[in-house]
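Here's a quick report on a pocket and a helix pair. Have the model open while you read.

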Amino acid sequence: MTILCVRFQLPPMCEAVLPGLLGLLEEFTPVVEALPPDGALADLRGAERYFGRSAVELASVIRVRALARYGVDCVIGAGPGPVLARVALRDARPGVTCAVPEQPDAVAEFLAGRPVSALPGIGAATARTLNEYGLDTLGLVAAAPLSTLQRLIGAKAGRELREKAGGVDRGRVVPNAVSRSLVAERPFGIDELNADRHRGALLSAAEEIGARLRAVEKVCRTLTLTVRYADRSSTARSRTLKEPTAHSAALTGTAYGMYEALGLQRARVRALVLRAEGLAPADQASHQLTFDPVDEKVRRIEEVADRARAKFGPRAVMPGALAVTDGLSWPTAA
């Protein structure tokens, strides 16, 4: 048992403490991979030998330190590999670490009854395709002929799915830096069902991220939207932008596209979190020129608005849709 998957139960507007929580994990191992917006993978292979404790025992120490230093509880899954640790996280709860057994037969038994959607990377479309052919659990997928899976979802994807369903985890933890991202969170005072308010929150978050990126002369390559629901569950979607950008209109359009793709309808939303990832210097990014004068005009207005905000405050200039928020107060830039 060498890999931990940790999800920190961050209160609203407290994602700023995530770098500190990742630093806590790095006290045990330098091999830590951030999983925005509120999680991480940690490879404790060396830590188990150094501290003379198992990964599950170290997980208890991590949990106590997170509570003592930051007042943040966490749920932890443990497994022989990162994929198995992420599957275990689904059954974990605060105070109790869920661990996947190490023996191959026990791993296969642990996975057998779980739905195919329990595997990280299996989206709704793939799960729906498999379910239509009666392959609705990982046990059935592991027992299915490889040729059948490859015919349904493709050669490479079918082979990888069959291996993972059988407990073969070839993944590894890749250290990264959470500082290479910017996040804007928009909590609601009540569990919000109104889609117009959801879109208003996304507009506000995208405007903030765009302004912050331009202030530090950065662009982002990927945008991630996390929707947190009233039952404490969440859904996250990521989308790679057509080109690295700090243009608020492009960020807003991408955020709206991810939101619409979720088809939330009457979902009770507690908070929306927008994260810009893959940051790079703006002077190294390319921009596809167009013959559309509107786009160039919008970018010039954006520059003027940034200067006004820098001088008179973040609410000096804002989109008209955010001028009236019906009691909701969100900054438009930071």
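## Ground rules

A pocket here is an open set of points on a 1 Å grid over the protein atoms alone, where a 1.4 Å probe fits, with protein on both sides within 12 Å along at least five of seven lines; lining residues have an atom within 4 Å of a point.

This is a predicted model, so local features need pLDDT of at least 70 and side-chain atom pairs pLDDT 80 or more, while totals for chains, interfaces and linings use all residues. Residues are numbered from 1 along each chain as its sequence is written, and side-chain values use heavy atoms, leaving out hydrogens and water.

## The largest pocket

The largest pocket takes up about 1500 Å³, counted as the space filled by probe spheres set on the points. Its lining runs to 40 residues, with Arg 7, Asp 38, Ser 234, Thr 235 and Ala 236 nearest the centre.

β8 (234-245) is among the elements supplying at least two lining residues, and it gives the largest share, 5 residues. Strands are DSSP E runs of at least two residues, helices H or I runs of at least four.

## Where α6 meets α8

The axes of α6 (residues 124-132) and α8 (residues 146-153) come within 10 Å and cross at roughly 130°; axes are lines fitted to C-alpha atoms over the stretch in contact, with angles from 0 to 180 degrees between N-to-C directions.

Thr 126, Thr 129 and Leu 130 of α6 touch Leu 149, Leu 152 and Ile 153 of α8, contact meaning heavy atoms within 4.5 Å.
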